[in-house]
Amino acid sequence: MLDGSGTWRCLHQCGACCRLAPEERPEALEALDDAQRQLYLEMAGPDGWCRHYDSGGRRCRIYEDRPDFCRVSNLADLFAVEASDAETFAIACCRQQIRSVYGGRSLELRKFNRMLRAGDE
C-alpha cells in the first residue's frame, strides 16, 4: 500500500496474500523459478492457505524470514514489470488477491482502498 511517502506497506491483518492455493494462482507459479516453485508448493497447505499463516491473528508467522516471492518489493522483478510501474502493479495485484479471497465488497478491500486514498492526501 502507498503511504504518504509513496512506500508500499501491507494492510494489517489482511492475509489475502497467504492464500497460496496453486490451482487459484497459476500466474504466480509461472513467474517462479524451479526452486521457488517447489518452496511455494511446500508452503501451500491442503486447504490452500500458507502453512505459516496464523489464521487466528491473521498474520504471517515467518514474516521477517519469508521467501522473496512473498515480498511485495519483489513482485515487479518476478513479473518483469518496469520499476516505474512497480507500485501500481503491486496495488493491482493486492486488490485482485483481496477480491479473490474475501470478495469485491469485503471489509478488507474497503480498508485497503481507504488506506490508498489516505496515502494520496
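Figure 1. Tyr-102 touches Cys-14, Gly-15, Ala-16, Trp-49, Tyr-53, Arg-58 and Glu-108, leaving aside residues up to four places away in sequence; contact means heavy atoms within 4.5 Å. With a relative accessible area of 25%, Tyr-102 is partly exposed; buried means under 20%, exposed over 50%, and partly exposed in between (1.4 Å probe, protein chains only). Gly-56 lies 46 residues from Tyr-102 in sequence, and the C-alpha atoms of the two are 16 Å apart. Residues are numbered from 1 along each chain as its sequence is written. In this predicted model, local features need pLDDT of at least 70 and side-chain atom pairs count only at pLDDT 80 or more, whereas totals for chains, interfaces and linings use all residues; side-chain values use heavy atoms, with hydrogens and water left out.

**Figure 2. The salt bridge between Arg-58 and Glu-108.** A salt bridge is a side-chain nitrogen of Lys or Arg within 4 Å of a carboxyl oxygen of Asp or Glu. For Arg-58 and Glu-108 the N to O distance is 2.8 Å. This pair links distant parts of the chain, 50 residues apart: Arg-58 is in the loop between strand S1 (53-54) and S2, and Glu-108 is in helix H5 (residues 107-120). Arg-58 counts as partly exposed at 26% relative accessibility, whereas Glu-108 counts as buried at 14%.

**Figure 3. Further salt bridges, at Asp-34 and Arg-59.** By the rule stated above, the count comes to four salt bridges. In one of them, the closest N and O atoms of Asp-34 and Arg-37 are 2.8 Å apart. Both residues lie in helix H2, three residues apart, about one turn of the helix. Asp-34 is exposed, with a relative accessible area of 61%, while Arg-37 is partly exposed at 27%. Arg-59 meets Asp-54 in another salt bridge (3.6 Å, N to O), and Arg-59 is partly exposed at 46% relative accessibility.

**Figure 4. Leu-109, a buried residue of helix H5.** The relative accessibility of Leu-109 is 3%. Leu-109 touches Arg-95, Ile-98, Arg-99, Gly-103 and Gly-104, again without residues up to four places away in sequence. Between the C-alpha atoms of Leu-109 and Glu-64, which are 45 residues apart along the chain, the separation is 24 Å.

**Figure 5. The largest pocket and its lining.** The space in this pocket is about 980 Å³. Of its 43 lining residues, Ala-16, Cys-17, Cys-18, Cys-70 and Val-72 are the closest to the centre. A pocket is an open set of points on a 1 Å grid over the protein atoms alone, where a 1.4 Å probe fits, with protein on both sides within 12 Å along at least five of seven lines; lining residues have an atom within 4 Å of a point. Grid points are joined across faces, edges and corners, and the volume is the space filled by probe spheres set on them. Helix H4 gives the largest share of the lining, eight residues.

Figure 6. Over residues 1-6 the pLDDT is below 50. Where pLDDT is low, the predicted coordinates should not be read in detail.

Conventions:
Helix = DSSP H or I, 4+ residues; strand = E, 2+ residues; numbered from the N terminus. pLDDT = per-residue confidence, 0-100.
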